[in-house]
Amino acid sequence: MTRPNILVLIPARMASTRLPGKPLLDIAGVPMIVQVLRRAEAAAIGRVAVATDTPEIAAAVTAAGGEVVMTKPDHPSGSDRIFEAMCKLDPAGEAEIVVNLQGDFPTIDPQSISDVLPPLEDPAVDIATLAAQIHTEEESLNPNVVKAVGSPLSGRRMRALYFTRATAPHGDGPRYHHIGLYAYRRAALERFVRLPPSPLEQQEKLEQLRALEAGMRIDVMVVDAVPRGVDTPADLETARRLLSKA
């Protein structure tokens with residue numbers, strides 16, 4: 001059921017160098033950003049909008065019946081973009097939770113979007129995110145796969161201790177592939193975007209470490225599968241193949 005206190009925001013821009021014009025590339029008959037929009041709408045957890053600085057992206061979303069908020073072009077990250085979007089869409093502060101859904105996840109399961117919310121039922125949690133268990137050595141060793149290292153709280157939930165591109169934790173036992181979807185308490189997002197980049201964030205090139213270094217609590221929900229992000233032409237063809245069968 002859609003909840004009025006939740007905003008689902010999808011940051012999108014045209015800056016990809018490996019896939020120029022990425023948000024507008026056709027996947028199964030519609031632009032990729034519209035595929036992501038449809039999955040956010042299908043999750044039915046809150047008001048959905050695309051945050052962009054590009055008129056062409058805005059036009060594509062509007063043509064598909066979606067909501068758009070125009071943001072400044074010089075944001076350093078998607079988190080900064082969704083913070084501006086939140087302030088514009090909800091100046092009265094009615095939204096208590098803001099979900100940041102990447103605009104290059106066209107195959108994400110709507111249920112996975114919903115699955116990010118339960119940790120925020122605990123008032124001690126500032127930010128919630130997702131991960132899926134790693135099953136291959138190749139994935140475990142790949143520095144492009146970010147690993148979530150956490151202390152188990154239940155069968156599907158961990159308290160995050162660290163995020164890294166290294167193969168971690170060491171030894172026997174599960175490892176988890178972090179999925180870059182976040183749900184923030186409003187106050188946590190406001191605090192996060194005002195923090196300066198942290199040392200470990202800069203070393204690992206992982207923005208979420210800024211929150212951990214500042215003492216913020218991130219909990220991780222474990223889901224069954226990693227959605228295929230679209231960063232390369234091969235990723236695009238895979239997404240097209242998957243969604244053409246849907």
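I counted two residues as in contact when they have heavy atoms within 4.5 Å. Helices (H or I, at least four residues) and strands (E, at least two) are DSSP runs, numbered from the N terminus. This is a predicted model: local features need pLDDT of at least 70, side-chain atom pairs count only at pLDDT 80 or more, and totals for chains, interfaces and linings use all residues. Residues are numbered from 1 along each chain as its sequence is written, and side-chain values use heavy atoms, without hydrogens and water.

**Helix pair.** I looked up α3 (residues 78–89) against α6 (residues 186–194). From α3, the contact includes Ile82, Phe83 and Met86. From α6, it includes Leu189, Phe192 and Val193. By class, I found six nonpolar, one polar and four charged residues in this contact. (Ala, Val, Leu, Ile, Met, Phe, Trp, Tyr, Cys and Pro count as nonpolar, Asp, Glu, Lys and Arg as charged, and the others, Gly among them, as polar.) The two helices pack at about 130°, with axes 10 Å apart. That angle makes α3 oblique to α6. (Under 35 degrees is roughly parallel, over 145 roughly antiparallel, 65 to 115 roughly perpendicular, and the rest oblique. Axes are lines fitted to C-alpha atoms over the stretch in contact, and angles run from 0 to 180 degrees between N-to-C directions.)

**Largest pocket.** How much space lies in the largest pocket? I noted about 2,000 Å³. (A pocket is an open set of points on a 1 Å grid where a 1.4 Å probe fits, with protein on both sides within 12 Å along at least five of seven lines; lining residues have an atom within 4 Å of a point.) The lining has 49 residues, and Lys22, Gln102, Asp104, Phe105 and Asp231 lie nearest the centre. β10 gives the largest share, five residues. The lining divides into 17 nonpolar, 17 polar and 15 charged residues.

**Second largest pocket.** Its volume is about 180 Å³. It is lined by 13 residues, with Asp109, Ser112, Val223, Asp224 and Ala225 closest to its centre. Helix α4 (residues 110–115) gives the most, three residues.

**Backbone.** Most residues other than glycine have a negative phi, and most peptide bonds are trans. I found a cis peptide bond between Ala168 and Pro169, with omega about 0°. Pro169 lies in the loop between β9 (157–164) and β10. Ala28 is not a glycine, yet its phi is positive, about 55°. I placed Ala28 in the loop between β2 (26–27) and β3 (30–31).

Key: Points joined across faces, edges and corners; volume = space filled by probe spheres on them.
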